[in-house]
Amino acid sequence: MGTDDPVEAVERELAVLLRRARSTSGTIARELHPDLGAAAYGILFNLQQTGGARTTDIAAFFGVGKPTISRQVGLLERLGFVERVEDPGDRRAVTLRLTDEGSARLVEAQEARRARLRASLDSWPREDLETLGRLLHRFNDQQV
């Protein structure tokens, strides 16, 4: 490991976790369509969690420019995964949301990912899984 500093150990393991998460996001995106990348999965996941969002809100969430999101959204629209609808709070604005097909395909890919995760954690004691979930929640609940 190289150090006794627990913060360095956490930082190192988080780096591994984040690399794996990006890789997994890319894999899920390509399962949806070969032309999709990890960023597109992130947008789909965001729309799934929020029920819909403006392009500017998605860009702000990911900390990127609106043109970057617009390119991804354009591809997701052409593939039939995302649609633009009138924003209920502002008739001049447009909200993005998942189409029925986009939602169904996303859930299917997520269930397949969850099955792979269950298989890789199958040998872990339930108590360890509960502890890991609780600690990850505690960490994610903080501002870093």
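## Overall architecture

What share of the 144 residues in the protein chain is buried? Buried residues (under 20% relative accessible area with a 1.4 Å probe, protein chains only) make up 25% of them. This is a predicted model, in which local features need pLDDT of at least 70 and side-chain atom pairs count only at pLDDT 80 or more, while totals for chains, interfaces and linings use all residues. Residues are numbered from 1 along each chain as its sequence is written, and side-chain values use heavy atoms, with hydrogens and water left out.

The protein chain holds six helices and two strands, in the order α-α-α-α-β-β-α-α from the N terminus; these are DSSP runs, with helices (H or I) of at least four residues and strands (E) of at least two. Its C-alpha atoms fill a box of roughly 55 × 30 × 25 Å along the principal axes.

## Nonpolar patch

L17, W124, L129, L132 and L136 make a nonpolar surface patch of about 400 Å² (residues with over 30% relative accessible area and no salt bridge, nonpolar side chains being joined within 5 Å and like charges within 9 Å; a salt bridge is a side-chain nitrogen of Lys or Arg within 4 Å of a carboxyl oxygen of Asp or Glu; areas come from the Shrake-Rupley method with a 1.4 Å probe). Helix 6 (residues 126–140) gives the largest share, three residues, whereas W124 lies in the loop between helix 5 (100–121) and helix 6. W124 counts as partly exposed because its relative accessibility is 39%, between the limits of 20% and 50%.

## Negative patch

D4, D5, E8 and E11 form a negative surface patch, where Asp and Glu count as negative and the place of a charge is CG of Asp or CD of Glu. D4 lies in the segment before helix 1 (6–32) and, at 80% relative accessibility, counts as exposed (over 50%).
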